[in-house]
Amino acid sequence: MIDKNQTCASGQDSIPYMTCLIHILEEWFGVEQLEDYLNFANHLLWVFTPLILLILPYFTIFLLYLTIIFLHIYKRKNVLKEAYSHNLWDGARKTVATLWDGHAAVWHGYEVHGMEKIPKEGPALIIFYHGAIPIDFYYFMAKIFIHKGRTCRVVADHFVFKIPGFSLLLDVFCALHGPREKCVEILRSGHLLAISPGGVREALFSDETYNIVWGNRKGFAQVAIDAKVPIIPMFTQNIREGFRSLGGTRLFRWLYEKFRYPFAPMYGGFPVKLRTYLGDPIPYDPKITAEELAEKTKNAVQALIDKHQRIPGNIMSALLERFHKKQKVN
């Protein structure tokens with residue numbers, strides 16, 4: 001009987017090319033039934049594809065609701081202490097921050113570069129690039145609270161305040177949806193405030209090229225001028241490789257423009273390396289206009305993207321970069 005490898009070597013057409021390749025690999029690796037292993041791997045890929053595409057992106061939402069449940073429990077437990085304490089939520093904030101910081105370290109090996117640029121006291125306006133899901137900002141808030149003992153207020157889109165159950169979470173972590181006068185008041189009171197000028201539009205319509213989607217927005221610049229505070233630019237490397245949005249398609253773009261609600265599905269939750277970079281503060285300058293300051297800030301964020309981000313972003317490269325370096329250290 002003629003051996004299958006001999007048949008392959010003779011160039012006969014009776015055995016398909018892939019079958020010949022499998023037999024050659026079996027000889028090379030010294031294993032039998034390699035085709036069965038490949039079929040099993042293909043089956044696993046088929047089974048776990050829904051997990052990657054559908055479940056992982058919403059794990060973050062699950063964590064948010066878990067946080068909300070914890071806050072409700074904490075509120076009930078400490079209701080009697082409320083009259084005696086001005087910092088009812090400090091314990092809750094610290095516990096939640098520790099929880100999110102642990103998730104950041106384990107899942108993304110999260111790092112912040114330039115934390116020393118955040119003042120220990122006094123106001124500053126942080127301007128950041130908005131990923132499909134701003135999970136990097138959740139991690140960043142946790143880091144600031146743990147290492148600086150400060151709560152960073154954040155301006156959120158109006159639709160976030162309509163999500164069932166989110167009101168307590170937003171109250172405890174001092175989220176607001178404006179207006180401009182309120183932002184100025186917060187900064188004049190000596191607090192940190194974060195704004196993403198691109199907001200939901202940037203989350204949906206930006207992509208792996210990391211294009212900044214701010215349009216002509218300059219309200220944040222006017223806030224900084226009126227409050228006389230510095231602006232700190234911020235960008236997180238690989239945030240688009242962690243989560244991707246399908247909002248750029250014609251249908252979902254039309255839905256957003258029509259209803260101003262992010263209907264677009266997301267996928268991801270990949271354990272890519274996330275590094276948040278803080279740029280040099282842009283000091284208050286009474287001679288600069290809002291338009292000029294907005295452009296200066298945009299250029300500063302773009303400089304962080306150009307310096308720290310591979311363009312276009314690639315999920316597989318981001319995964320390999322993280323785990324290859326991890327193995328190297330080990």
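Predicted model: local features only at pLDDT ≥ 70, side-chain atom pairs only at ≥ 80, totals over all residues.
Visitor: Where does Tyr261 lie, and why does Tyr261 count as partly exposed?

Guide: Tyr261 lies in the loop between α11 (250–259) and β8 (266–268). Partly exposed is the class between under 20% (buried) and over 50% (exposed) relative accessible area. Tyr261 falls in that class because its relative accessibility is 33%.

Visitor: How many salt bridges are there?

Guide: The rule asks for a side-chain nitrogen of Lys or Arg within 4 Å of a carboxyl oxygen of Asp or Glu. With that rule, the count of salt bridges comes to nine.

Visitor: Which parts does the salt bridge of Arg201 and Glu257 tie together?

Guide: The side chains of Arg201 and Glu257 meet at 2.7 Å, N to O. Arg201 lies in residues 199–205, which make up helix α8, and Glu257 lies in helix α11, so the bridge ties together parts 56 residues apart in sequence. Those parts are helices α8 and α11.

Visitor: Are Arg201 and Glu257 buried, partly exposed or exposed?

Guide: Arg201 has a relative accessibility of 21%, and Glu257 has a relative accessible area of 35%. Buried would need under 20%. Arg201 therefore counts as partly exposed, and Glu257 is likewise partly exposed.

Visitor: Are Glu241 and Arg244 buried or exposed?

Guide: These two residues form a salt bridge, and the closest N and O atoms of Glu241 and Arg244 are 2.7 Å apart. As for their cover, both Glu241 and Arg244 are buried.

Visitor: How many residues apart in sequence are the parts that Arg275 and Glu321 tie together?

Guide: Arg275 and Glu321 form a salt bridge whose closest N and O atoms are 3.5 Å apart. Arg275 lies in strand β9 (residues 275–278) and Glu321 in helix α13 (residues 315–329), so the distance in sequence between the parts is 46 residues.

Visitor: With the side chain of which residue does Arg275 make a polar contact of 2.5 Å?

Guide: A polar contact of 3.5 Å joins the side chains of Arg275 and Glu321. The 2.5 Å contact of the Arg275 side chain is with the side chain of Gln237.

Methods. Residues numbered from 1 in each chain as written. Heavy atoms only, no water. Helix = DSSP H or I, 4+ residues; strand = E, 2+ residues; numbered from the N terminus. Buried < 20%, exposed > 50% of the residue type's maximum accessible area, 1.4 Å probe, protein only. Polar contact = N/O pair within 3.5 Å; in protein donor to acceptor, adjacent residues only side chain to side chain.
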